Amino acid sequence: MAGKKKSLHPAFVVTNIKTLIPILLDIKHDEFLHEFFCSNSISKLTIWNFFIGGSATPTDLDAATMKQLDALCCQWMFSTMAKDLILTVLKSGKTAKEIWDHLKKLFQDNKGSRATTLESKFVNLKSTECNGVDNYCDKLKSFSDRLSDLDFPMK
């Protein structure tokens with residue numbers, strides 16, 4: 001049988017997404033690292049941009065492959081989430097885009113209140129609560145970065 005030989009999509013080669021996204025997304029924390037999820041390391045997987053970023057539909061993929069790749073994107077997201085968050089998100093949709101949109105809604109809709117909480121933690125952090133000056137500075141930097149992620153940079 002002469003026919004076109006199917007090649008493996010590069011996304012299927014990723015065996016451990018945690019090497020590209022080494023964080024655990026948790027609803028109990030005041031952060032949403034959208035920029036991290038869409039960073040250079042993961043955006044090289046162009047299929048991510050299609051399912052999550054809304055880029056043009058790949059024309060070289062059949063429907064079955066697209067379905068498998070959508071499931072792969074879902075698996076990637078679930079493997080970087082805390083268990084409580086997975087249980088919440090499972091109810092929100094079946095496609096990668098639906099799950100991503102739900103995550104964005106969970107983490108970004110209340111930016112103002114999250115920023116207020118973080119700013120309060122930043123201002124009220126005491127050096128006695130930390131294990132030395134380096135730890136104190138690291139926590140301040142972390143609060144500042146998280147505030148910037150919420151579009152409320154520290155001045």
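Because the model is predicted, local features are reported at pLDDT of at least 70 and side-chain atom pairs count only at pLDDT 80 or more, whereas totals for chains, interfaces and linings use all residues. Residues are numbered from 1 along each chain as its sequence is written, and side-chain values use heavy atoms, with hydrogens and water left out.

The secondary structure of the protein chain consists of 8 helices and 0 strands, where helices (H or I, at least four residues) and strands (E, at least two) are DSSP runs numbered from the N terminus. Along the sequence, the pattern reads α-α-α-α-α-α-α-α. The mean pLDDT (the predictor's confidence in each residue, from 0 to 100) of the protein chain is 75, and 70% of its residues reach 70 or more. Confidence is lowest in helix H2 (residues 40–43), with a mean of 49, and highest in helix H8 (residues 133–149), at 88. Where pLDDT is low, the predicted coordinates should not be read in detail.

Of the 155 residues of the protein chain, 32% are buried; buried denotes under 20% relative accessible area, exposed over 50%, and partly exposed in between (1.4 Å probe, protein chains only). A nonpolar core is defined as a set of buried Ala, Val, Leu, Ile, Met, Phe, Trp, Tyr and Cys residues joined through side-chain atoms within 4.5 Å. The largest such core has 20 residues, of which Met77, Met81, Leu85, Ile99 and Leu103 touch the most other members. Two or more residues come from each of H4, H5 and helix H6 (96–108), and H4 gives the most, with 7 residues. Another core, of 8 residues, lies apart from it and includes Ala115, Leu125, Leu147 and Leu150. In soluble globular proteins, nonpolar side chains tend to be buried together.

The loop between helix H4 (63–78) and helix H5 (83–90) contains Thr80. Thr80 is buried, at a relative accessible area of 0%, and its side chain reaches the backbone oxygen of Met77 at 2.9 Å.

Helix H7 (residues 111–124) comprises 14 residues and reaches 20 Å from its first C-alpha to its last, close to the 20 Å expected at 1.5 Å a residue; the expected span is 1.5 Å times one less than the number of residues. Within H7, Arg114, Ala115 and Leu118 are buried. Viewed down the axis of H7, its buried residues fall within an arc of 95°, so they line one face of the helix; the arc is that of the directions from the helix axis to the C-beta atoms. The exposed residues Thr116 and Val123 are carried on the face of H7 turned away from its buried side.

With a salt bridge defined as a side-chain nitrogen of Lys or Arg within 4 Å of a carboxyl oxygen of Asp or Glu, the count comes to 2 salt bridges. Asp101 pairs with Lys97, the closest N and O atoms being 3.2 Å apart. These two residues, Asp101 and Lys97, are 4 residues apart in helix H6 and therefore separated by about one helical turn. Asp101 is partly exposed, with a relative accessible area of 33%, and Lys97 is also partly exposed, at 34%. The salt bridge between Lys141 and Asp145 has its closest N and O atoms 2.8 Å apart. Lys141 and Asp145 are 4 residues apart in helix H8, about one helical turn, and Asp145 is partly exposed, with a relative accessible area of 34%.

How values were computed:
A polar contact is a pair of N or O atoms within 3.5 Å; within protein, one must be able to donate a hydrogen and the other to accept it, and residues adjacent in sequence count only if both atoms are side-chain atoms.
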